[in-house]
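Have the sequence and the 3D view open as you read.

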Amino acid sequence: MTPQEYVQQKAANSGSSFYYAFLFLPANRRAAITAFYAFCREVDDVVDEISDPSVAQSTLAWWQNEVLQSFAGNPTHPVMKALMVHTHDFGIEANHLLSVIEGCQMDLTQTRYLDYPGLKRYCHLVAGVVGEVAAKIFGQTDPQTTQYAHTLGLAFQLTNILRDVGEDAMRGRIYLPIDELKQFDVKAQDLMQRQYSDRFTALMKFQASRAHALYEEAFALLPAADKQTQKPGLMMASIYRTLLREIEADNFQVLHQRVSLTPLRKLWLAWKVQALGRL
């Protein structure tokens, strides 16, 4: 299997909403974003699939070294071999990749966040930086698009957090800020025991409202000059925001299940943005 085949398989097998947005890109940009996305999946999978924290830490340390080695001209992993071909053309730097790894390391050492500013720092690493690199690959021309990409990445990550509240709690991770849990009188134990309540619903409505505001803020930040090139990001926004609305329509029944959209629906939402320009 070539490095290109490896990353293609990694991206396709993830079933992620991101994959559907990649389909409409020109070949060179599609190859670059597929390789970058495969990198993000590799390091994220370390946290999700390796149960021993010390093994996970050493694996992420290996990835840090692999990134530095790759930018020094000696990639060994198929993902880095596929990605390094594109780093110069799209302005991808070692610090971008190291930031994503740093975010994954936070998952191994931190399972709670005191407040929203603390959570935002984590989201910046695992989603904002990803958005920044993606915007470059999609064809960014205006510097302000970076701010749009970071804001949209934050909206995506908050949507993910809402979708995965139950799943994360079972793994001992709670991303909802502690001060906001207290504000709505929801205890960590309630989430771990999958206990729904009016208090829980109120907390989730508050979180969803914040995510919606971030989507609107991101759309307002996108410069007119880049609206065409950033269509893949807008496709993902359409898919993620539809997912958020599904979660709301289901009255936040996320403690015992993972709400998701079908592949066909994701493809339809992506096509609508591509062909009709409609979110």
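## Aromatic rings

Phe156, Tyr215, Phe219 and Tyr240 are joined into a cluster by ring pairs. Rings of Phe, Tyr and Trp (its six-membered ring) pair if their centres lie within 6.5 Å; planes under 30 degrees apart are stacked, over 60 edge-to-face, and the rest tilted. By this rule there are twelve aromatic pairs.

In one of them, the ring centres of Phe22 and Tyr37 are 5.8 Å apart and the planes stand at 70°, so the pair is edge-to-face. This pair links distant parts of the chain, 15 residues apart: Phe22 belongs to helix H2 (residues 17–22) and Tyr37 to helix H3 (residues 27–49). Helices here are DSSP runs of H or I with at least four residues, numbered from the N terminus. Both Phe22 and Tyr37 are buried, meaning under 20% relative accessible area with a 1.4 Å probe, protein chains only.

## A charge over a ring

Arg210 lies over the face of Tyr116, 3.7 Å from the ring centre. The rule asks for NZ of Lys or CZ of Arg within 6 Å of the ring centre and within 35 degrees of the ring normal.

## Thr145

Thr145 sits in helix H9 (residues 145–163) and counts as buried because its relative accessibility is 0%. Beyond neighbours within four places in sequence, its contacts include Ala135, Leu222 and Asp226; contact means heavy atoms within 4.5 Å.

## About the model

This is a predicted model: local features need pLDDT of at least 70, side-chain atom pairs count only at pLDDT 80 or more, and totals for chains, interfaces and linings use all residues. Residues are numbered from 1 along each chain as its sequence is written, and side-chain values use heavy atoms, leaving out hydrogens and water.

How values were computed. Helices (H or I, at least four residues) and strands (E, at least two) are DSSP runs, numbered from the N terminus. Buried means under 20% relative accessible area, exposed over 50%, partly exposed in between (1.4 Å probe, protein chains only).
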